[in-house]
Amino acid sequence: MFHSSIWPLLALLHSESIAGRYVSDLEGPARAARGHELVQVRQEVDKATVAGAEVSFTSTRWLDGETSKQTLSWQPFRYFPALPLRQPVASCPNIGRQYPELVSRNQSILSRYASIVCDNSSNSSFLTDPTVPLTAELADLQGGCINMNRWPSRMLAANQTHSVELGRTCGEACDQDLLNLMRVMVDDDVLVITSTKLPAGMEYQHMLMDFLPPAWTVVKKLKKGTAKLLIHIPLQREIMEFLGVPKENLLELPFPKDERFLLCTHPSKTLHLWRTGRSDGEPLPMKNDIGGFTDFWNRLLDFRVAPELSNALAKSANLDPWQALAARQVTFLHRCVERRQLVNEEQALAVTSKALIEAKQPEELVSMCAGRRTWLEQFMEVRKSALLIGAHGGSLANAVYARHGTGIIEIVNSPEAYNETEPGVWPPYKSHWYGGAGAALPFFRVVLYERNAADELEIRTDDLEAALYQWFAYKADLKAG
């Protein structure tokens, strides 16, 4: 028997046509030209009509239990083994597993970090675990529907015989994500990356973290098949075409103004669903009381496929293969935004330069305001990098372009800075480690930024210097064999 909370979705799936037009943030000829890809377009222009469809549906045989919903059969097509861990603190196995290694010359800072991340009785921030072997999986729904949202609190896919819960971050309140949805029906086979998240104003970094690595795993399938990959912004199209996906295998549907819609395929067409799974077939947990933002299993694949993705992009960019053999650059990624501005980034850059010179390191130091470059220019700089340094945020999301062996020093918030900038949303020390993703990298350290006496956010530059010398030592050990 299917859960009663899927009624709104099924009601919309089987409701009569609701007149309307597709309204998105994209205006003008570009939007009109996309019309030929849509068979039908429905919008909740009259909420009473939509509510009526839901009510009329609840009196049908679906409610009487004459039809039970079957679970989908997921087919793994790529395997990712458990990651070996580097756990530098024997008394705290969480460091190097679900949390990165923090570098500081201040013992009280290290002790406080340990007290927060090592106490299992109070620490339940992450459901993800890099020691769990994972898969990339696909499942098919004939004539299926799925609710799409820029940042879904709940995602559900269903047809007349099957249904699958793909994500939930809260209780009954999440069911609102399934109500009053505009329906877009497509007369094509469509492949949906169900981890896709594109919150307004942060599309670039979330495209890199939650869409591009999963999409890379299906590039070969897209090139050989006829299914269309669902995308929402022009940048997704540009990068996928750059990777060789034919333009006719991309279906671009911008989000409407209310940031959500119901995507359905014609009854004769297939909705292909991508997700991260466990290699033993057991379900992955999807919910956490901290707010649901900490169970990004898909991000544990990001740095595992990053070297392949980097190599493929380099090939498409016609980079000199001999020049690409060695990474000879340390790239400092500036935040370059007013929000959470770090007042001493230039000082941190100078500390980095001084350390490289005094330690007689061969790498060139390059600084970049990533947001002022095209995606391809950002890729080029990351591709040349042996080490990336930057504050947590969109700029450092470019690490998914990193080649094999690239290291990261990430600048993250102290508990005090966290409490003032993102209280209750994420655990302190928010990092691109993301509950274990960083365990795939050979060198990953974090240092803090904190409030200074003038109430400004400031990088702890002495700790940055200490992290740099750890990287120098790591390189020397690697060279020594």
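This presentation describes a predicted model of one protein chain, from its overall make-up to the surroundings of two adjacent residues.

Residues are numbered from 1 along each chain as its sequence is written, and side-chain values use heavy atoms, with hydrogens and water left out. Because this is a predicted model, local features need pLDDT of at least 70 and side-chain atom pairs count only at pLDDT 80 or more, while totals for chains, interfaces and linings use all residues.

Let me begin with the whole chain. The chain contains 12 helices and 19 strands; helices (H or I, at least four residues) and strands (E, at least two) are DSSP runs, numbered from the N terminus. Of the 481 residues, 56% are buried. Buried denotes a relative accessible area under 20%, exposed over 50%, and partly exposed in between, with a 1.4 Å probe and protein chains only. Among contacts in the chain with a separation of 6 or more, 74% are between residues 24 or more positions apart; a contact means heavy atoms within 4.5 Å.

I turn now to one of the sheets. This open sheet has 6 strands in the order β2-β4-β13-β9-β10-β11, with mixed pairing; two strands pair if DSSP finds at least two bridges between them. At its edges are β2 (75-80) and β11 (250-252), each of which pairs on one side only. From one strand to the next, the twist averages 30°. Within the sheet, strand β4 (residues 134-142) runs antiparallel to strand β13 (residues 270-278), and 9 bridges join them. In this pair, L141 of β4 stands opposite L271 in β13. Helix α7 (residues 234-242) packs on the sheet, where it touches β10 (228-231) and β11, and its direction makes about 170° with that of β11. For such values, axes are lines fitted to C-alpha atoms, for helices over the stretch in contact, and angles run from 0 to 180 degrees between N-to-C directions.

Next comes a helix pair. The axes of helix α8 (residues 302-316) and helix α10 (residues 375-383) come within 11 Å and cross at roughly 115°. Which residues make the contact? From α8 they are S310, N311, L313 and A314, and from α10 they are W375, F379 and R383. These residues divide into 4 nonpolar, 2 polar and 1 charged; Ala, Val, Leu, Ile, Met, Phe, Trp, Tyr, Cys and Pro count as nonpolar, Asp, Glu, Lys and Arg as charged, and the others, Gly among them, as polar.

The loop between α10 and β16 holds K384. Is K384 buried or partly exposed? K384 has a relative accessible area of 36%, so it is classed as partly exposed. Leaving aside neighbours within four places in sequence, K384 is in contact with A327, R328 and Q329. Its C-alpha atom is separated by 8.5 Å from that of A402, 18 residues apart along the chain.

S385, by contrast, lies in strand β16 (residues 385-391) and is buried, because its relative accessible area is 0%. Beyond four places in sequence, S385 touches A327, Q329, T331, R403 and T406. The side chains of S385 and T331 are joined by a polar contact of 2.5 Å, that is, a pair of N or O atoms within 3.5 Å; within protein, one must be able to donate a hydrogen and the other to accept it, and residues adjacent in sequence count only if both atoms are side-chain atoms.

Finally, strand β16 itself is mostly covered, with 7 of its 7 residues buried. β16 pairs in the parallel sense with strand β14 (residues 329-334) over 5 bridges, and Q329 has S385 as its bridge partner in β16. β16 also pairs in the parallel sense with strand β17 (residues 407-413), over 5 bridges, where I411 is the bridge partner of A391.
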